[in-house]
Amino acid sequence: MKVLGISGSMRKDGNTAQLVRYILAKVQATGIETEFVSFTGMTIKPCTGCEQCKETKWCVVEGDDWADLARKMLEAEVVIVGSPTYYYDVNGQMKNFIDRTYSLFHDRKLAGRNAVAVTVCADRGCERSLETIEGFLNTHHFSYLGHVCGKAYAPGEIMTDARAVKKADGVARRIVNLLQPSD
């Protein structure tokens, strides 16, 4: 059993990364294996719309970090997908990542996994970012364990958003209850 937390932020310790790590820490404290991945330092090229993935069942774009991250998702039982909000939606790197998973859609390779959506915005737009991530999760037939929308601007400010922290605690409990059900 593994829980993969993905921070789509390009900031290594940004608010999105902190919120995803917070959920992972709560889950890991119960003995469940977790892994954190950040887009920081990664290159994820955009989908070219070539449609070759219909034949290959894998994205043919090469020379970036997408394939390694996709393999990690395929190995995970639960995926936490987090993105900062840029102009009322997920950031460009997250959108590139999502678009490239089209190659996994043909054989429903991600179906049956469980997921949590995490978005962070400075003021507004979290809902739209959340809709984009939920669209990705629904398309791939993930079982949805919930979401966390937080508001923060300055580094570290997310942990002062009491509502987001409470929601993060709740989704962490759902993950633990799923992976370690009590009899």
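Helices (H or I, at least four residues) and strands (E, at least two) are DSSP runs, numbered from the N terminus. This is a predicted model, in which local features need pLDDT of at least 70, side-chain atom pairs count only at pLDDT 80 or more, and totals for chains, interfaces and linings use all residues. Residues are numbered from 1 along each chain as its sequence is written, and side-chain values use heavy atoms, with hydrogens and water left out.

**View A. Ala17 and its surroundings.** Ala17 has 0% relative accessibility and so counts as buried (under 20% relative accessible area; exposed is over 50%, partly exposed in between; 1.4 Å probe, protein chains only). Leaving aside residues up to four places away in sequence, Ala17 touches Ser7, Arg11, Lys12 and Phe36 (contact means heavy atoms within 4.5 Å).

**View B. An aromatic cluster of Phe39, Phe97, Phe136 and Phe142.** Rings of Phe, Tyr and Trp (its six-membered ring) pair if their centres lie within 6.5 Å; planes under 30 degrees apart count as stacked, over 60 as edge-to-face and the rest as tilted. Four aromatic pairs turn up in the whole structure. One of them joins Phe97 and Phe136 edge-to-face, at 6.5 Å centre to centre and 65° between the planes. Phe97 belongs to helix α4 (residues 92-100) and Phe136 to helix α6 (residues 126-139), so this pair ties together parts 39 residues apart in sequence. Both Phe97 and Phe136 are buried. Phe136 and Phe142 have ring centres 5.9 Å apart and planes at 50°, so that pair is tilted.

**View C. Lys2 and Glu35 in a salt bridge.** The two side chains meet at 3.4 Å, N to O (a salt bridge is a side-chain nitrogen of Lys or Arg within 4 Å of a carboxyl oxygen of Asp or Glu). Lys2 lies in strand β1 (residues 2-7) and Glu35 in strand β2 (residues 33-38), so the bridge ties together parts 33 residues apart in sequence. Lys2 is buried, at 12% relative accessible area, whereas Glu35 is partly exposed at 23%.

**View D. Arg100 and Asp64 in a salt bridge.** Here the closest N and O atoms are 2.6 Å apart. Arg100 sits in helix α4 and Asp64 in the loop between α2 (53-56) and α3 (66-75), so the pair ties together parts 36 residues apart in sequence. Arg100 is buried, with a relative accessible area of 1%, and Asp64 counts as buried at 17%.
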